[in-house]
Amino acid sequence: MNNLSIIVSSTRPERVGAHVTTWVRETLGSDWNITVLDLAEINLPFLDEPQMAGTGIYTNPHTLAWKEQVDAADAIVVVNPEYNGFFPAPLKNAIDFLFAEWENKPMAIVGYGFGGGARSAGALTTLLENVKAHVVGSLGLFFNTDLSTSGEMTPTDGKAQELRALSRQLRAALAERSQAA
Ligand SMILES: Cc1cc2nc3c(=O)[nH]c(=O)nc-3n(C[C@H](O)[C@H](O)[C@H](O)COP(=O)(O)O)c2cc1C
């Protein structure tokens with residue numbers, strides 16, 4: 001089975017993101033070998049590499065450990081809230097730590113918020129495309145419809161289907177990548 005990593009981009013205590021992650025994991029668990037990359041646990045410092053990530057020269061143990069985790073993922077789903085219209089700062093920091101590792105990585109975004117996290121997903125897509133990831137798409141979970149503000153998950157069947165469709169797109173992107181290699 002291929003490896004799917006879920007990046008949990010909220011680092012807040014009591015975050016809703018943990019519940020969204022469980023839903024993603026349960027919905028896709030039979031299709032992938034799933035690993036959760038929780039940025040709160042990974043706890044990267046603010047970017048502290050002397051060289052730009054584009055050089056591929058990494059010196060800090062935490063950077064090398066993060067690189068290994070990203071390299072081990074055949075595809076990635078980012079569970080992503082919206083903070084003032086954007087994605088959380090720790091996610092920007094975690095992405096900036098690496099560069100070539102994101103190239104052609106099949107990625108999808110599961111956003112959540114009052115507007116389904118759409119503005120945040122749009123900004124994140126721009127960032128991921130800048131590091132040449134292969135973003136296959138995103139889905140939005142809406143507060144008061146698909147989940148409560150305290151994290152009780154009530155997604156409609158349509159949302160699970162959307163997630164499975166994203167999963168199929170990730171698989172297709174992965175197959176494309178393997179053929180090109
Ligand atoms: C700093 C901050 C800014 C927020 N800005 C937005 C926003 O722009 N749009 C939105 O839909 N919700 C916004 N919210 C509400 C979040 O969607 C809500 O708190 C959600 O639970 C955050 O995800 P998390 O619990 O996984 O961290 C904001 C919350 C915080 C903490």
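Me: Helices and strands are DSSP runs, numbered from the N terminus. In this predicted model, between which helix and which strand does Ser-30 lie?

Reply: Ser-30 is found in the loop that lies between helix 1 and strand 2. Although Ser-30 and Met-1 are 29 residues apart along the chain, their C-alpha atoms are separated by 9.4 Å.

Me: What makes strand 2 and strand 5 edge strands?

Reply: The open sheet has five strands in the order 2-1-3-4-5, with parallel pairing. Strand 2 (33–38) and strand 5 (134–142) each have a single partner strand, so one side of each is left without a neighbour in the sheet, and that places them at the edges. From one strand to the next, the twist averages 20°.

Me: How do you know that strand 3 and strand 4 pair?

Reply: Pairing requires at least two bridges found by DSSP, and five bridges join strand 3 (residues 75–80) to strand 4 (residues 106–113), so the two strands, which run parallel, count as a pair. Val-79 stands opposite Val-110 in strand 4. Helix 5 (residues 118–130) packs on the sheet, where it touches strand 3, strand 4 and strand 5, and its direction makes about 160° with that of strand 4.

Me: Why is strand 4 described as largely enclosed?

Reply: A residue is buried if 20 or more other C-beta atoms lie within 10 Å of its own, and eight of the eight residues of strand 4 are buried, so the rest of the structure largely encloses this strand.

Me: Which residues have the most contacts inside the largest nonpolar core?

Reply: That core has 43 residues, and those with the most contacts inside it are Val-20, Val-77, Val-78, Val-79, Met-107 and Val-110. Among the elements that give two or more residues to this core are strand 1 (3–8), helix 1 (17–28), helix 4 (89–96) and helix 6 (157–180). Leaving aside neighbours within four places in sequence, Val-78 is in contact with Ile-7, Ser-9, Met-107, Ile-109 and Leu-124.

Me: How many residues surround the ligand?

Reply: The ligand is surrounded by 13 residues, of which the closest are Ser-10, Arg-15, Gly-17, Pro-81 and Gly-113. By class, this shell has four nonpolar, six polar and three charged residues.

Terms used
Residues numbered from 1 in each chain as written. Predicted model: local features only at pLDDT ≥ 70, side-chain atom pairs only at ≥ 80, totals over all residues. Helix = DSSP H or I, 4+ residues; strand = E, 2+ residues; numbered from the N terminus. Axes fitted to C-alpha atoms, helices over the stretch in contact; angles between N-to-C directions. Contact = placed C-beta atoms within 7 Å. Near = placed C-beta within 6 Å. Nonpolar A, V, L, I, M, F, W, Y, C, P; charged D, E, K, R; others polar. Core = buried A, V, L, I, M, F, W, Y, C linked by C-beta atoms within 7 Å. Buried ≥ 20, exposed ≤ 12 C-beta atoms within 10 Å, placed from the backbone.
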